Amino acid sequence: MSNEEPGPSDSASVDIDSSQDFDVDLDDVVLEDEEEENQGLFDDLLSGEPIFENKEVLRPSYTPHELPHRKEQINKMATILVAALRGETPSNILIYGKTGTGKTASAKFVSQELESTSQKYRVPCDVEYINCEVTDTQYRVLAQLANKFIEENERLIDEWLADLRELRESALEDTSAFDDADFDSIDAVDDRIAELEADKAEFETVPMTGWPTDRVYSVFFDAVDYHERVVVIMLDEIDKLVEKSGDDTLYNLSRMNSELANSRVSIMGISNDLKFTDFLDPRVKSSLGEEEIVFPPYDANQLRDILQHRSDVAFKADALTDDVIPLCAAFAAQEHGDARRALDLLRTAGELAERDQSELVDEDHVRQAQDKIELDRVVEVVRTLPTQSKIVLFSIILLEKNGVHNVNTGEVYNIYKRLCEEIDADVLTQRRVTDLISELDMLGIVNAVVVSKGRYGRTKEISLSVPIEETEAVLLSDSRLGDIEDVQPFVQARFDN
DNA sequence: ACTCCACAGGAAGCGAGGGAAA
DNA sequence: TTTCCCTCGCTTCCTGTGGAGT
């Protein structure tokens with residue numbers, strides 16, 4: 001404990017010092033060279049009456065303290081999880097609902113409440129959150145959990161050690177300190193301290209990769225079972241985990257309880273996909289789905305409520321015209337009642353209004369925001385695509401630009417091969433290109449439908465579902481694809497065949 | 001009723017690249 | 001150093017298939 005204190009504060013002070021030095025340097029430069037021009041660069045922007053009061057509450061990362069229209073689901077979760085506070089194992093829970101229906105927000109809210117209540121009543125209870133879209137293999141889930149619990153155990157041991165040392169100090173002066181404690185001599189306390197320190201030294205963090213999975217499992221198991229507690233493991237986007245690496249993880253987690261001596265584990269799965277349990281082993285399915293909670297999509301009225309709630313905090317009074325919120329709600333309701341989308345729209349509309357130096361957010365800004373969000377998403381997705389996918393997408397664009405709609409896989413592959421030769425990239429097999437096209441389909445960049453043309457075989461009919469000019473521009477900004485100068489020959493070759 | 005196209009997409013497995021342990 | 005282990009992108013080999021043409 002005592003040796004920790006100087007450490008962080010030391011390094012922190014160094015950081016501050018160095019950054020201050022840096023600032024001073026910068027200021028000097030600016031003052032010398034460009035005083036005039038820089039004056040007022042931000043002043044103009046600042047002088048416009050800002051529309052926002054607190055933009056943070058419109059961001060997806062913000063967890064509200066109140067979730068309108070989700071009382072029922074939250075109460076149900078709480079009634080199930082309250083068992084944890086009595087030291088019993090809560091039933092496993094499965095939560096279903098489309099994106100932006102408040103699943104994650106509600107679950108996080110409940111788990112925060114659970115943890116704070118458990119502290120109040122001094123019942124050991126931990127909630128661990130894992131997003132399975134990021135952590136999508138058994139190894140990684142177990143490793144992440146293991147490390148979190150090791151960290152938690154170390155923190156606990158430090159706490160206990162501090163208590164014990166305090167007890168030891170006071171006992172040295174007056175043995176009556178042992179009256180309320182579990183120890184009756186200094187030696188006993190010393191033994192316990194030594195024991196805890198040995199335990200702490202034994203913990204080893206799990207590396208990102210390298211270990212056999214069963215070893216990770218046993219480290220995780222020991223870390224959880226280190227002392228008495230109830231553990232709730234929240235697996236967000238659990239369907240992604242099952243899709244990618246099967247149900248082994250869930251099987252292992254759900255049968256843990258029968259082997260744990262001190263602690264109890266309960267799983268809370270959150271899924272976008274109502275049918276993902278179809279792929280599960282029946283045993284896993286029944287144990288996981290002990291309790292199911294469904295989050296229905298919000299309707300336009302509910303979305304309006306939510307937006308109203310947040311906008312009261314987010315915007316200055318009277319910054320919105322009357323039709324802004326209903327319009328955001330209506331747009332988002334079309335997108336299967338996605339509240340995240342609705343908030344995004346509202347925030348972007350506000351930003352656009354701010355950029356216009358307008359004092360009011362109006363209907364027009366919302367419509368612009370609708371387009372902007374979609375375009376931004378596409379640009380970002382396309383920009384970060386791997387090179388091979390970019391080449392495939394570019395092939396599709398070339399065909400589309402030359403008036404060939406509903407292209408099939410074979411045609412795309414032919415153009416793709418020529419492009420690869422041109423820019424000296426590896427040529428992948430058609431099998432692989434099929435997969436890349438499916439990925440583009442899932443990202444919503446193209447639309448690929450399997451159709452049968454009878455005598456003329458079965459293939460995918462592929463069409464672009466994003467604006468062609470902008471997408472092409474993004475692709476050409478890639479250094480490798482930028483080399484392609486004359487594209488005509490590629491498409492021309494197609495008509496020659 | 002049967003054929004047969006042009007693929008879709010599953011299964012297995014390879015090899016490079018991350019890393020750990022002996 | 002060698003030997004394991006996990007992950008990822010990819011290939012090879014394969015079986016499956018809707019429906020126009022016959």
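Helices (H or I, at least four residues) and strands (E, at least two) are DSSP runs, numbered from the N terminus. This is a predicted model, in which local features need pLDDT of at least 70 and side-chain atom pairs count only at pLDDT 80 or more, while totals for chains, interfaces and linings use all residues. Residues are numbered from 1 along each chain as its sequence is written, chains are lettered from A and ligands numbered from 1 in the order in which they are written, and side-chain values use heavy atoms, with hydrogens and water left out.

The predictor's confidence in each residue, pLDDT, runs from 0 to 100, and its mean for chain A is 83, with 88% of the residues reaching 70 or more. Over residues 1-36, however, pLDDT stays under 50. Where pLDDT is low, the predicted coordinates should not be read in detail.

We turn now to the DNA. A residue counts as near a strand if one of its heavy atoms lies within 4 Å of it, and of the 19 residues around DNA strand B, Trp211, Thr409, Arg431, Arg455 and Gly457 come nearest. Helix H16 (409-423), helix H17 (430-442) and strand E8 (458-464) each supply at least two residues of this surface.

Some polar contacts (pairs of N or O atoms within 3.5 Å) can be followed one by one. The side chain of Thr209, by contrast, has an N or O atom 2.9 Å from a base nitrogen.

Definitions and conventions:
Polar contact = N/O pair within 3.5 Å; in protein donor to acceptor, adjacent residues only side chain to side chain. Contact = heavy atoms within 4.5 Å.
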